[in-house]
Amino acid sequence: MNIVVCIKQVPDTNEVRIDPKTGTLIREGVPSIMNPDDKNALEEALAIKDNHGAHVTVITMGPPQAKNALIEAIAMGADEAVLITDRVFAGADTLATSYALSGALKKLDYDIVFAGRQAIDGDTAQVGPEIAEHLELPQVTYVEKVEEVGEGYIKVRRAWEDGYEIIKVKTPALLTAIKELNIPRYMHMSKIFGAFDKEIKVWTADDIEIDKSLLGLNGSPTRVMKSATKEAKGSGELVVKPVKEAVEYTVSKLIENHYI
Ligand code: FAD
């Protein structure tokens with residue numbers, strides 16, 4: 001079985017700052033991490049590998065430093081890594097991003113494509129489903145449990161706000177992972193050293209069969225007009241009372257402010 005996991009390197013949210021002049025995210029000098037939902041997606045792919053045997057490839061589209069997220073994925077247990085990077089990808093919105101990723105995926109073998117549900121910076125949750133559409137794959141979003149992996153199918157539990165549904169889907173298929181799916185493993189000490197020596201395939205737009213007019217800013221139908229961070233809501237109120245009184249007090253405040 002071949003599994004490809006789409007990984008995005010995102011700025012650590014504790015450090016997000018907006019450039020007041022351009023209204024865009026300041027990415028320079030901000031520590032980056034592997035997007036949390038993508039770690040859950042990778043963990044599930046690695047668990048399938050442990051239990052059933054699989055070849056796990058991780059792929060990211062981003063600037064050269066996005067390689068670090070791939071190295072981390074290899075140190076967790078991924079077998080192969082692909083970075084797609086090119087100036088023509090710059091300014092891509094979700095449609096152009098998913099188009100570029102699906103072009104690269106066409107060069108890989110896959111039974112399952114995993115993505116995270118959502119990236120913590122862009123936050124749209126569009127890229128996974130869009131990749132499925134470009135590749136004409138069935139998709140299941142919000143996967144909170146893999147129930148069964150069989151020949152030509154996978155059975156998963158899809159979360160709802162107040163319940164779930166069990167879906168059996170033919171493979172190849174695309175699944176998007178949420179944090180309830182698992183607890184990601186740590187990088188393995190023995191794999192950390194090897195991870196830096198492992199070859200990471202680097203593909204540019206020329207390496208992918210793709211319509212270049214649909215890439216980057218030119219291929220992006222959306223434009224960000226303005227971004228802003230929210231003002232802090234104030235320091236709150238510290239209540240020091242015996243538990244019962246504290247609960248009564250808190251509930252009375254919630255009623256007073258029409259939250260309940
Ligand atoms: P979501 O849809 O929330 O992500 C869902 C899942 O898709 C992720 O968990 C992950 O598994 C997968 N995924 C998402 N992105 C990637 C990726 N790059 N590689 C692998 N897997 C991925 N961003 C820039 O970095 N540079 C730019 O110049 C830039 N210009 C932009 C211009 C415009 C007009 C717009 C609208 C956005 C721009 N962005 C840019 C943001 C960029 O388009 C999004 O970050 C990207 O498309 C992913 O969307 P998202 O963060 O909402 O991901």
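## Surface and overall architecture

The protein chain exposes about 15,300 Å², of which carbon and sulfur atoms supply 52%. The model is a predicted one. The chain has 260 residues, and 43% of them count as buried. Its C-alpha atoms fill a box of roughly 65 × 50 × 40 Å along the principal axes.

The secondary structure consists of six helices and 11 strands. Among contacts between residues at least 6 apart in sequence, 70% join residues at least 24 apart.

## Packing of helix 1 and helix 2

Two packed helices are described by the angle between their axes and the distance between the axes. For helix 1 (residues 36-52) and helix 2 (residues 67-76), the angle is about 30° and the axes lie 11 Å apart. Helix 1 passes helix 2 in a right-handed crossing.

Helix 1 contributes Lys 39, Leu 42 and Leu 46 to the contact, while helix 2 contributes Glu 72, Ala 73 and Met 76. By class, four of the contact residues are nonpolar and two are charged, with no polar residues.

Lys 8 is partly exposed, at a relative accessible area of 32%, whereas Asp 121 is buried, at 18%.

A salt bridge also forms between the side chains of Glu 43 and Arg 185, at 2.8 Å from N to O. Here the partners are 142 residues apart, with Glu 43 in helix 1 and Arg 185 in the loop between strand 10 (173-177) and helix 5 (189-197). Glu 43 has a relative accessible area of 9% and is therefore buried; Arg 185, at 28%, is partly exposed. Glu 43 and Arg 185 are linked with Asp 50 in a network of salt bridges.

## A salt bridge between Glu 180 and Lys 179

The side chains of Glu 180 and Lys 179 meet in a salt bridge with an N to O distance of 3.5 Å. Glu 180 counts as partly exposed because its relative accessibility is 46%. Lys 179 counts as exposed, since its relative accessibility is 58% and the cut-off for exposed is over 50%.

Terms used. Residues are numbered from 1 along each chain as its sequence is written. This is a predicted model: local features need pLDDT of at least 70, side-chain atom pairs count only at pLDDT 80 or more; totals for chains, interfaces and linings use all residues. Side-chain values use heavy atoms; hydrogens and water are left out. Axes are lines fitted to C-alpha atoms, for helices over the stretch in contact, and angles run from 0 to 180 degrees between N-to-C directions. Helices (H or I, at least four residues) and strands (E, at least two) are DSSP runs, numbered from the N terminus. A crossing is left-handed if the near helix is turned anticlockwise from the far one by less than a right angle, and right-handed if clockwise. Contact means heavy atoms within 4.5 Å. Ala, Val, Leu, Ile, Met, Phe, Trp, Tyr, Cys and Pro count as nonpolar, Asp, Glu, Lys and Arg as charged, and the others, Gly among them, as polar. Buried means under 20% relative accessible area, exposed over 50%, partly exposed in between (1.4 Å probe, protein chains only). Accessible areas come from the Shrake-Rupley method with a 1.4 Å probe; for residues, only the protein chains shown count as cover. A salt bridge is a side-chain nitrogen of Lys or Arg within 4 Å of a carboxyl oxygen of Asp or Glu.
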